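Please open the model in your viewer and keep the selection panel at hand.

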Amino acid sequence: AYAIAASRTRDAAIQSRALTLLQQAEHNSPDDVEVLLYLAELYRNSNQEDQAIPLYQRAIRLDPTQVTASVGLGGIMMQRGQDTDAIHLWQDALSKNGGLELVRINMAMAQWRSGDLRSAESSLVKAIELNPGFATPVELLQQLRQQLQQAR
């Protein structure tokens, strides 16, 4: 319960208690993917990415069907400028749940930043197909296509 509460608040006491309990749970059940994910998210949300990374990686190894670790670890990789790693993680997440709109947009941005403009365009087109009313991918696609035209 503290893990859920900690994910929804910035209350330092709740976060501290959740961290203590999750660290104990992880020690007692090192293969509990749910515990690993809650603890990784808590670390990530408190800017302790170095603590979160191995937990996400272990969760991926233990349960290749889950999506949360790929999404969270991809976010850290993109923040660190490791766009190729982020793209691979997000492709994995999208292969399991194609409806993750923000993940698809983040992947497009990582593709764009890494110079793979055609893949970025494809990702944005797919995002628009899935949700035509979402303005962000529409605007990004327009900007990207302008850049593609200027490059010609």
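Select helix α5, residues 68-79, which is mostly covered, with nine of its twelve residues buried (under 20% relative accessible area with a 1.4 Å probe, protein chains only). Helices here are DSSP runs of H or I with at least four residues, numbered from the N terminus. This is a predicted model, in which local features need pLDDT of at least 70, side-chain atom pairs count only at pLDDT 80 or more, and totals for chains, interfaces and linings use all residues. Residues are numbered from 1 along each chain as its sequence is written, and side-chain values use heavy atoms, with hydrogens and water left out.

Colour the buried residues of α5, among them Leu 73, Ile 76, Met 77 and Met 78, and then show α3 (33-45), α4 (49-62), α6 (83-96) and α7 (101-113), against which the buried residues of α5 pack. Just after α5, stop at Gly 81, whose phi is positive, at about 80 degrees.

Next select α7 together with α8 (residues 117-130), whose axes come within 7 Å and cross at roughly 165 degrees, the axes being lines fitted to C-alpha atoms over the stretch in contact, with angles from 0 to 180 degrees between N-to-C directions. That angle makes α7 roughly antiparallel to α8 (over 145 degrees). Display their contact (heavy atoms within 4.5 Å), which includes Ile 105, Met 107 and Trp 112 of α7 and Leu 117, Leu 124 and Leu 130 of α8.

How values were computed. Helix = DSSP H or I, 4+ residues; strand = E, 2+ residues; numbered from the N terminus. Expected span 1.5 Å × (residues − 1). Buried < 20%, exposed > 50% of the residue type's maximum accessible area, 1.4 Å probe, protein only. Parallel < 35°, antiparallel > 145°, perpendicular 65-115°, else oblique.
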